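Q: I'm new to reading protein models. Could you walk me through a few features, step by step?

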Amino acid sequence: MFNKLRTRLTLFILIGTIFSIAIVSIITNITLFQKFDYYLKSEQENRINQIVRHVKESYRVNGGWNEESFLNIEASPFISNFDLTIKDNNGNIIFTHHMKRNMMKMHMKMMGRMGKGFMSRRNLNKNFNINNGEYKIKSFELKDKGKIVGYIEIGYIGPFMVSEREVEFTKDINKAIMYAAFFSIVVAIILGIYFSKLFTRPILKIIEASNAISNGNLDIKIEEENKIEELSELSKSINHLSKSLKEQQKLRKRLTTDIAHELRTPLTILKSHVEAIIDGVWQPTKERMIIFKNEVDRLMKLVKQLKYLVDIESHEIILDVKEFEISKLLREIIEGFRYEFDKKNIVIKDDIKENIFINGDRDKISQVIINLLSNALKFTEAGGTVKVVLKDESDNIIISVEDNGIGIPEKDLPYIFERLYRSEKSRSRKTGGAGIGLTIAKMLIKAHDGEITVQSEEGKGTKFTIRLPKY
């Protein structure tokens, strides 16, 4: 169960939330009650100062220490939580007031109630610096018109007294923190389940599609749109993989058919001729032997090309890189083909920029150009035109071979650089070829860090474009 992504993701969110709540609660508790500690201390100081001011005011208004001034002091609500002793300027006690008897018990009870919940007694002692039962006395001089008229001693339970309202305030704060923590944990669980489901659902679909592909179902496709970019890209990759494997499967079947076709034709001819000689229908003349030889040569050529293709795919192509004039090479190749084009009544044109030099393997680039011109010659009807163009574009040179021949069907364009692939229109023995030349051409151009592309329209012609770096 814990090995599942959904469970782990939910637990991760939950643990992270609880940890965050704990950290925030501790920081909030420490900060808040430090401020509360400061507030209580300030409030205590204010109360003491209010008592001192009230006593001074009672003395001034009533014209000295008399019964009326003492009654006014006794009636003050400020002194209820304090012990009060007033002495005259000779040090004689003239007034005393004691806090209520149950004040100490009430104070300790409140402190105990505050110690419940998030604020433990230990935390209170730490935050408030309270020493249980500590009694403090502060003394002040009483002056009137710059003269000392007496002294006042104020006793209290230090460092401050805590009222019922303040206790309720701390309890409410603790409740708020606990409620917030509980609510956050519930929300974290809900969000954890939701997001884990949101993440894992497309992943499970991807796993399902992958398993289907591994079992041979290449028609599978993940239809669900995902707003998460990474998962969306992964779904597209799986769909692309399925499509590619399906195309490769079709290509392998086509490859098997092509190989069978290439081998069957010469073998059939050889078999029929041998059977005719055995049956006495034909005599083993020199002409018959030449036919045998031609068909054997054809088989050997196919095997040789297949071996060459395997060799350059299995090993790194070694280039003999030298600087040479590509303009001159193209003209030489065109002149070498001119007789064949004239014989078939095809016009060959050229637009070659002079004095263009590149660094490359002259023989291998020559092999590519020869292959393209051979294809143009094969698939262009009499009266057609073939054009060779060489252009200079800064760091690259562009070579194009264009014809107005039979063209390539649109469905075949993605596969023409695959080994042994030939479109249906190129399968006659009249055109010949094993469908390997373009595969080799692409590999040789790629070895030069270049690229070869094709544009074609059935019945209108084909254009191959080669882009090669100069350096």
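**A strand and its neighbours**

A: Let's start with strand β11 (residues 461–469), which is mostly covered, as 7 of its 9 residues are buried. Buried means under 20% relative accessible area, exposed over 50%, and partly exposed in between, using a 1.4 Å probe and protein chains only. Strands (E, at least two residues) and helices (H or I, at least four) are DSSP runs, numbered from the N terminus. This is a predicted model, where local features need pLDDT of at least 70 and side-chain atom pairs count only at pLDDT 80 or more, while totals for chains, interfaces and linings use all residues. Residues are numbered from 1 along each chain as its sequence is written, and side-chain values use heavy atoms, leaving out hydrogens and water.

Q: Which strands pair with β11?

A: Two strands pair if DSSP finds at least two bridges between them. Here, β9 (residues 396–403) pairs with β11 in the antiparallel sense over 8 bridges. Strand β10 (residues 451–457) also runs antiparallel to β11, over 7 bridges. Look at Phe 464 in β11: Val 401 is its bridge partner, and Val 454 stands opposite Phe 464 too.

Q: What is the phi of Gly 459, in the hairpin of β10 and β11?

A: Gly 459 takes a positive phi near 85°, in a hairpin with 3 residues between the strands.
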